Amino acid sequence: MNTRNTKQKEVILNTLKQMHNHPTILELYEQVRKSDATIGQATVYRNVSKLVEEGIVMKIPTNDGVDHYDGDCTDHYHFICQKCHRLYDLYDDSFLRVLRKLEKGHNFKVNRVHLLLEGVCQECE
Ligand SMILES: [Zn+2]
Ligand SMILES: [Zn+2]
């Protein structure tokens, strides 16, 4: 990988980490363009896919047919509002405890969890 590619990947990752609204590729691309206008949409897409594969970025597929991305890969889950389509972070380790129990019971080692809860948020109620 040449230095230009490495630099682009860095800009994309840093931009995503600064965004706390779980952007789509398009939203991320628009933000990336503000720091480096030479980075194209395909480059953003390619790099983000790679970062997801490497476990550095979390991909959140939704039933809207749009994938959202999260630069925060610590253990947390998401809630999506079916009305305003906003994604909320859920930091709660109670599910983690259930998970450990499931691992033990089935002899699985879980590396990644995608948990998306759907409902109506407080603001839309
Ligand atoms: Zn809402
Ligand atoms: Zn999140």
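Before the first click, a word on pairing: two strands pair if DSSP finds at least two bridges between them. Helices (H or I, at least four residues) and strands (E, at least two) are DSSP runs, numbered from the N terminus. What you're looking at is a predicted model, where local features need pLDDT of at least 70 and side-chain atom pairs count only at pLDDT 80 or more, while totals for chains, interfaces and linings use all residues. Residues are numbered from 1 along each chain as its sequence is written, and chains are lettered from A and ligands numbered from 1 in the order in which they are written.

**Stop one: the open sheet**

Select Ile-80 and look across to strand 5, where its bridge partner is Glu-118. Now widen the selection to residues 77-81, which form strand 3. Strand 3 and strand 5 run parallel as a pair, with four bridges between them. They belong to an open sheet of three strands, ordered 4-3-5, in which the pairing is mixed. Its edge strands, each pairing on one side only, are strand 4 (87-90) and strand 5 (116-119). Neighbouring strands here are turned by 25° against each other on average, direction ignored; axes are lines fitted to C-alpha atoms, for helices over the stretch in contact, and angles run from 0 to 180 degrees between N-to-C directions.

**Stop two: a loop off the sheet**

Click His-85, in the loop between strand 3 and strand 4. Its phi is positive, near 60°, though the residue is not a glycine. The rule: 20 or more other C-beta atoms within 10 Å of a residue's own make it buried, 12 or fewer make it exposed, and anything in between is partly exposed, with C-beta atoms placed from the backbone.

Next, pick Val-110, in the loop between helix 4 (94-106) and strand 5. With 11 C-beta neighbours inside 10 Å, Val-110 counts as exposed. Apart from its neighbours within four places in sequence, it is in contact (C-beta atoms, placed from the backbone, within 7 Å) with Leu-99 and Glu-103.

Now jump to His-22: it is 88 residues from Val-110 in sequence and 23 Å away in space, C-alpha to C-alpha. His-22 sits in the loop between helix 1 (3-18) and helix 2 (25-35). It has a positive phi of about 50° without being a glycine, and it counts as buried, with 23 C-beta neighbours inside 10 Å.

**Stop four: two helices crossing**

Show helix 1 and helix 2 together: their axes come within 9 Å and cross at roughly 115°. To see the contact, select Val-11, Ile-12, Thr-15 and Leu-16 on helix 1, then Leu-28, Gln-31, Val-32 and Ser-35 on helix 2.

**Stop five: a hairpin**

Move to strand 1 (residues 58-61) and strand 2 (residues 67-70), an antiparallel pair joined by four bridges. Find Met-58, and opposite it in strand 2 is Asp-70. Between the strands of this hairpin are five residues, and Gly-65 takes a positive phi near 85°.

**Last stop: the whole chain**

Finally, zoom out and colour domain 1 (1-71) and domain 2 (74-125) separately; these bounds come from an automatic or database domain assignment. Their C-alpha centres lie 22 Å apart. Where they touch, five residues of domain 1 are in contact with five residues of domain 2.

How values were computed:
Contact = placed C-beta atoms within 7 Å.
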